[in-house]
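Please examine the model below before reading on. The account that follows moves from the whole chain to individual residues.

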Amino acid sequence: MTPRHHPGGAGDQQVVGAADVPARSGGADPHAARSVTRSRGSSSPEEAPARRPHPAQQVTEQLAARTREILERPRPEQSEEQRAREKAVVHECRYLMRLLSTRRRSEGEMRGRLAEREVPAGVAHEAMARIARAGLIDDAAFAHDWVEQRRALRALGDEALRRELEARRVDGELIEAALSDGQSDEEQRCRELVRSRLDHRDRARLREERDGSHRRRLSRRLDALLTRKGYPGDLAVHVIAGELRAAAEDPAA
């Protein structure tokens, strides 16, 4: 007796495809259609086309790779002597920075300070090189500022300013450029200095005296002052004589 097989029974091994699905009344099943579309549109990874990276992304990835390479590169082990030298260089750089925090300094002035501290030549050279690379050495600007400030605060003549800058090891050409840059008339500055040292009592005695004793005392005192300030001797004599004569003759003084 041949057994019967009922459709839809547990023993059925039929595979139902999309074409075998009967359409429902009122239109196709939207869920089934989406399933079929996804099934037909899918492809294996081997069949997917390779995407080309964006140029900006390529650059970013290259930079990241290069950064990782640099960071992961083994660094040579420093010896104890190298570590001690680096520590000494950093110490002297900090010392020079403290000097520069108070006012501008010339290169020669800073080298002189390191020599006074008996810093080894190699350490001093490297410390100065690092200060120079940081843009903190400018002898032309130093000389200009020095001349401007010392003229304003101390009424110094050119010769005194030249001596001071030479003592700070500034190059001669830079000194002359600073002295001539925006220079006011030296004779006028000398006259203003002499006038500032003559008070009303000196002027009164110059007008009243007959023997010239006070005039001679003032001349010696003013000449010593102008010499200390760095004014040439012939200029000092000329200015002192003229200013004392004007003070003695001025009735309004």
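The model is a predicted one. Its protein chain contains 12 helices and 0 strands, so that the pattern read along the sequence is α-α-α-α-α-α-α-α-α-α-α-α. Of the 253 residues in the chain, 27% are buried. The protein chain exposes about 18500 Å², and carbon and sulfur atoms supply 51% of this area. Among contacts between residues at least 6 apart in sequence, 67% join residues at least 24 apart.

With 23 residues at 1.5 Å a residue, α3 should span 33 Å; the C-alpha atoms at its ends are 35 Å apart, which agrees. The buried residues of this helix are Val89, Glu92, Cys93, Tyr95, Leu96, Leu99 and Leu100. An α-helix has 3.6 residues a turn, so residues three or four places apart point the same way. The cover over the buried residues of α3 includes α4 and α5 (121-133).

The loop between α3 (80-102) and α4 (107-116) holds Arg105. Is Arg105 buried or exposed? Arg105 counts as buried because its relative accessibility is 7%, under the 20% limit. Its side chain makes a polar contact of 2.9 Å with the side chain of Thr102. A polar atom of the Arg105 side chain also lies 3.3 Å from the backbone oxygen of Leu99. Neighbours within four places in sequence aside, the residues in contact with Arg105 are Leu99, Leu100, Met110, Arg113 and Phe142.

Phe142 leads in turn to helix α6 (residues 139-154), where Phe142 and Trp146 lie 4 residues apart, about one turn of the helix. A pair of aromatic rings is described by the distance of the centres and the angle of the planes. The count of aromatic pairs in the model comes to 1. That pair is formed by Phe142 and Trp146, with 5.8 Å from centre to centre and 40 degrees between the planes, and is tilted. Phe142 counts as buried because its relative accessibility is 2%; Trp146, at 10%, also counts as buried.

Ala155, found in the loop between α6 and α7 (158-167), has a phi near 55 degrees, a positive value in a residue other than glycine. Its relative accessible area is 23%, and therefore Ala155 is partly exposed. Arg169, in the loop between α7 and α8 (172-180), likewise has a positive phi, of about 60 degrees, although it is not a glycine. Arg169 counts as exposed because its relative accessibility is 54%.

The last stop is helix α12 (residues 233-249), which includes Ala247. With a relative accessible area of 2%, Ala247 is buried. Which residues are in contact with Ala247, leaving aside its neighbours within four places in sequence? They are Leu198, Arg203, Leu206 and Arg207. The C-alpha atoms of Ala247 and Asp202 are separated by 8.6 Å, although these residues are 45 residues apart along the chain.

Terms used. Residues numbered from 1 in each chain as written. Predicted model: local features only at pLDDT ≥ 70, side-chain atom pairs only at ≥ 80, totals over all residues. Heavy atoms only, no water. Helix = DSSP H or I, 4+ residues; strand = E, 2+ residues; numbered from the N terminus. Buried < 20%, exposed > 50% of the residue type's maximum accessible area, 1.4 Å probe, protein only. Polar contact = N/O pair within 3.5 Å; in protein donor to acceptor, adjacent residues only side chain to side chain. Contact = heavy atoms within 4.5 Å. Phe/Tyr/Trp six-rings, centres within 6.5 Å; stacked < 30°, edge-to-face > 60°. Areas by Shrake-Rupley, 256 points an atom, 1.4 Å probe, with all protein chains shown as cover. Expected span 1.5 Å × (residues − 1).
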